[in-house]
Amino acid sequence: MRDKILHLLKDNEFVSGAHIAEKLDISRTAVWKQIKSLQRLGYKIESVKNKGYKLLHRPDVPIPEEILSDLNTRVVGRKIVYFKTLSSTNLYARKLVDCGVDEEGTIVVADIQHHGRGRKGRLWFSLAEGLWFSIILYPNIPPQQSMMLTMAASISVAEAIKEVTGLDSVIKWPNDVLISGKKVCGVLTEIDAEMDRIKYSIVGIGVNVNNKLSEGLYGKATTLMEELGFSVSKVQLLKAILKHFDENYMILVKGNYDSILDKWVSMSNIVGKKIIIQEDKKTMQGIVSKVDIDGSLILQTNTGAHRIYTGDIEYLE
Ligand code: BT5
């Protein structure tokens, strides 16, 4: 109902309560109650007796009313579940799946996460004004290709950042997006799989937009606001990420892995680079000769070629 009222309200023009009530076939009191709930969400709506309601300002909050109004995706983001605060959107998305929510592309988004998660139990700092969300997917791809979901997500974030802000970013294996060498986004893909099929996948995406960074991240991380010198619309950015991810996901589920891989390789610029990789307590150094179709790195070291599936890399030159 709120979305229908928003549709009828015009920016900077009064629309009478009677008109809205008639169009939506509800009472004027019901209209008033809906207006109050929109105001609680952050919409600034002026209300003047005998004139009606005038929309003065839309909030930059990723609520369904803002995201869904003109989102033309096929799968991704068709349903939005929004929270002001949450422990972790990945965790909540998993609960939804466990409860039988099977609408593919459902998004769980929160303004603040109290326990945002990175890989291997690491913390993801998720203060207000960042973009923290997870996408529920049922991809018909083999579990060995699940890294492709992370790749498609990173590509989509980089494409969306370029579209909305004009900023160039670089993808860093396995799951980061960097601007000026600093991390602006991290992706956490979690899957539940059998031998030959993925039962479900949750792709969690965290983008530093207008948020503050915790002290420990200075020099290592950045935000879009820091890079630009002014704030960026989270609503616009989320819509752009959903649009690009929808496109890349379609390519992926059609089995065009090469197309995703090629894009990822060109946006990561990793092939030929000298890196050091840390996995648990093991460290290895060498030159990346290839990124394989399952997302693994082929590293040429002085003991030969090694295939690397997980770890944290640093560039040596
Ligand atoms: C990641 O892990 O980069 C995956 C981050 C995924 C976060 C999203 S937010 C929505 C969804 N819900 C969740 O609970 N998670 C996902 P990893 O590669 O392990 O990197 C974690 C490391 O990045 C930490 O150990 C810090 O060093 C650093 N870090 C933490 N918070 C950061 C931030 N806001 N910006 C940049 N770096 C951060």
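So, how much space lies in the largest pocket? About 910 Å³. Keep in mind that this is a predicted model.

Let's stay with that pocket for a moment. Its lining takes in 46 residues, and the ones nearest the centre are Trp 124, Asp 176, Lys 183, Gly 186 and Leu 217. If you sort the lining by class, you get 19 nonpolar residues, 17 polar and ten charged.

Okay, on to the second largest pocket, which comes in at about 350 Å³. Here 17 residues make up the lining, and closest to the centre you'll find Arg 119, Met 147, Thr 150, Tyr 309 and Thr 310. Two elements, α6 (147-165) and β9 (182-193), each give two or more residues to this lining. β9 is the top contributor, with four. By class, the lining has seven nonpolar, seven polar and three charged residues.

Now a few backbone details. Have a look at the step from Trp 173 to Pro 174: that peptide bond is cis, with omega near 0 degrees. Pro 174 sits in the loop that links β7 (170-172) and β8 (176-179).

Then there are a couple of positive phi values. Asp 25 isn't a glycine, yet its phi is about 55 degrees. You'll see Asp 25 in the loop between α2 (17-24) and α3 (28-40), and it is exposed, with a relative accessible area of 70%.

Asn 269, also not a glycine, has a positive phi of about 55 degrees. Its place is the loop between α9 (257-268) and β11 (274-279). Is Asn 269 exposed or partly exposed? Partly exposed, because its relative accessible area is 48%, and exposed means over 50%.

Definitions and conventions:
Residues numbered from 1 in each chain as written. Predicted model: local features only at pLDDT ≥ 70, side-chain atom pairs only at ≥ 80, totals over all residues. Heavy atoms only, no water. 1 Å grid on protein atoms, 1.4 Å probe; cavity = no way out; pocket = protein on both sides within 12 Å on 5 of 7 lines; lining within 4 Å. Points joined across faces, edges and corners; volume = space filled by probe spheres on them. Nonpolar A, V, L, I, M, F, W, Y, C, P; charged D, E, K, R; others polar. Buried < 20%, exposed > 50% of the residue type's maximum accessible area, 1.4 Å probe, protein only.
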